[in-house]
Amino acid sequence: MRLSRYLMPTLKENPVEAQIVSHRLMLRAGMIRQAAAGIYTWLPLGYRVLRKIEQIVREEQDRAGAQELLMPTLQNADLWKQSGRYDAYGPEMLRIKDRHDRELVYGPTAEEVINDIARTEIKSYKETPKILYNIQWKFRDEVRPRFGVMRGREFLMKDAYSFDLTYEAAKHSYNKMFVAYLRTFARCGVHAIPMKASTGPIGGDLSHEFIVLAETGEEQVYCHKDYLTMEIPSENVDYDSDLEPIYQKWTSLYAATEEKFDETEAKKVGDNLLSARGIEVGQVFYYGKKYSNTMNVSVMGEDGKPILIEGGCYGIGVSRLMGAIIEASHDDNGIIWPESVAPFKVGIINTTVGKEEADKASEDMYKKLQAAGVEVLFDDRDERAGVKFSTMDLIGLPYQIIVGVRGLAKGVVEIKNRKTGERKEVSPAEAINFFTK
């Protein structure tokens, strides 16, 4: 992509309405623009990152055996009344009526819709277990939407739901999602720590939220330092095997938010206790028969008698995760994207536009990298070099190729690593090889 043709309206100054780092940088980098309070238009650069994160989430759900479907954003209010949550959920749920005076809700979550699917389409014990997931826009009418995508009213969410016959089977599904979440966040370039959590309006008595540590995090968290070096399950993990050892390993160490802080337990950790700020990026719930009881979700057992389904739900805030990645990975100059979610892998900076040698070398590398399938952003604008350097640092691409007549006179261009700041001079051919090998 040529930057001269790309819709990327960057800002030099911090917007006054942006209170946290991710909000400031997403606005300055031209990734989002506010359409209404807590509702954003995703501009091309931001949308590329959002899709990268979404795809990682999808791949790890599929790897764990979950099946993707797509549920509606507008839901039948009668389902919410059946579950008992229509009045219990509160004013955060947007309630509307259509022209026929039928009540609808703009779904903040989808337990009712998916359990309606389960009770009509899953008939026999032979059809379990099932884990179904959905990546869809949700809406919660926050009283004070703020912090950009971290606490907006409209957000992209992955929500999965498990259906099992017994508690033991339901716990195995819970463990599957637990492991899949560890892998998902690691692939997105952040280290997430699971902490016991309240189940809130979802229901049930077992839940963990996944917290990304960041200096600018929204809440104080406490955990054992060993969490920082724990090994993430590999992509070859067998999801059909017993995953309880992995679950026990990751929940055996002390980890708590303020709500859950236990001073006595914290003292036992001693010098290994880490106090830090954190951001919630996902949560898993086992809610048992909560919805089966109220919505009569059952299957026919082997003995011909109905069995109420044991259920769980599992959420990842996909758009929120993008903000959390920025909060955890930035410096004074801008964003530092992990390679796995970066909008482009490399940016080419032509520092001397109009000089034949520099124009030719830049164009040649751009076309060859594109042909090799490398995601590349070419800053071909007729701007000062300093402006181009600032723009590339702001948007945080993992690498930069810096092209200028002085370097080309020596037969070299410069490769800069955005994260480490390391620079090295190589020939144009070597630069292409570096990104295509």
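Residues are numbered from 1 along each chain as its sequence is written, and side-chain values use heavy atoms, with hydrogens and water left out. Because the model is predicted, local features need pLDDT of at least 70 and side-chain atom pairs count only at pLDDT 80 or more, while totals for chains, interfaces and linings use all residues.

The open spaces come first. A pocket is an open set of points on a 1 Å grid over the protein atoms alone, with protein on both sides within 12 Å along at least five of seven lines, and its lining residues have an atom within 4 Å of a point. The largest pocket has a volume of about 1100 Å³, where a volume is the space filled by probe spheres set on grid points joined across faces, edges and corners. Its lining counts 41 residues, and Arg-140, Glu-209, Glu-280, Gln-283 and Arg-320 lie nearest the centre. Strands S8, S13 (273–288) and S16 (310–317) are the elements that give two or more residues to this lining; strands (E, at least two residues) and helices (H or I, at least four) are DSSP runs numbered from the N terminus. The largest share, six residues, comes from S8. By class the lining of the largest pocket has 17 nonpolar, ten polar and 14 charged residues. Here Ala, Val, Leu, Ile, Met, Phe, Trp, Tyr, Cys and Pro count as nonpolar, Asp, Glu, Lys and Arg as charged, and the others, Gly among them, as polar.

The second largest pocket has a volume of about 270 Å³. Helix H12 (residues 385–395) supplies the largest share of its lining, four residues. Among the lining residues are Lys-12, Arg-28, Asp-332 and Arg-381, and the whole lining divides into three nonpolar, four polar and four charged residues.

A cavity is a set of grid points where a 1.4 Å probe fits but cannot get out, and the structure holds two cavities of 30 Å³ or more. The largest cavity, of about 70 Å³, is lined by Tyr-40, Trp-42, Trp-137, Gly-148, Val-149, Glu-154, Phe-155 and Ser-319.

Helix packing is next. Helix H2 (residues 44–63) and helix H10 (residues 318–328) pack at about 110 degrees, with their axes 9 Å apart. Axes are lines fitted to C-alpha atoms, for helices over the stretch in contact, and angles run from 0 to 180 degrees between N-to-C directions. H2 and H10 are therefore roughly perpendicular, a label for angles of 65 to 115 degrees; under 35 counts as roughly parallel, over 145 as roughly antiparallel and the rest as oblique. Contact (heavy atoms within 4.5 Å) joins Gly-46, Val-49, Leu-50, Ile-53, Glu-54 and Val-57 of H2 to Val-318, Ser-319, Leu-321, Met-322 and Ile-325 of H10. This contact has eight nonpolar, two polar and one charged residues.

Helix H11 (residues 356–371) and helix H14 (residues 428–436) pack at about 25 degrees, with axes 10 Å apart. That makes H11 roughly parallel to H14. Met-365, Lys-368 and Leu-369 of H11 meet Pro-428, Ala-431, Ile-432, Phe-435 and Thr-436 of H14. These residues divide into six nonpolar, one polar and one charged.
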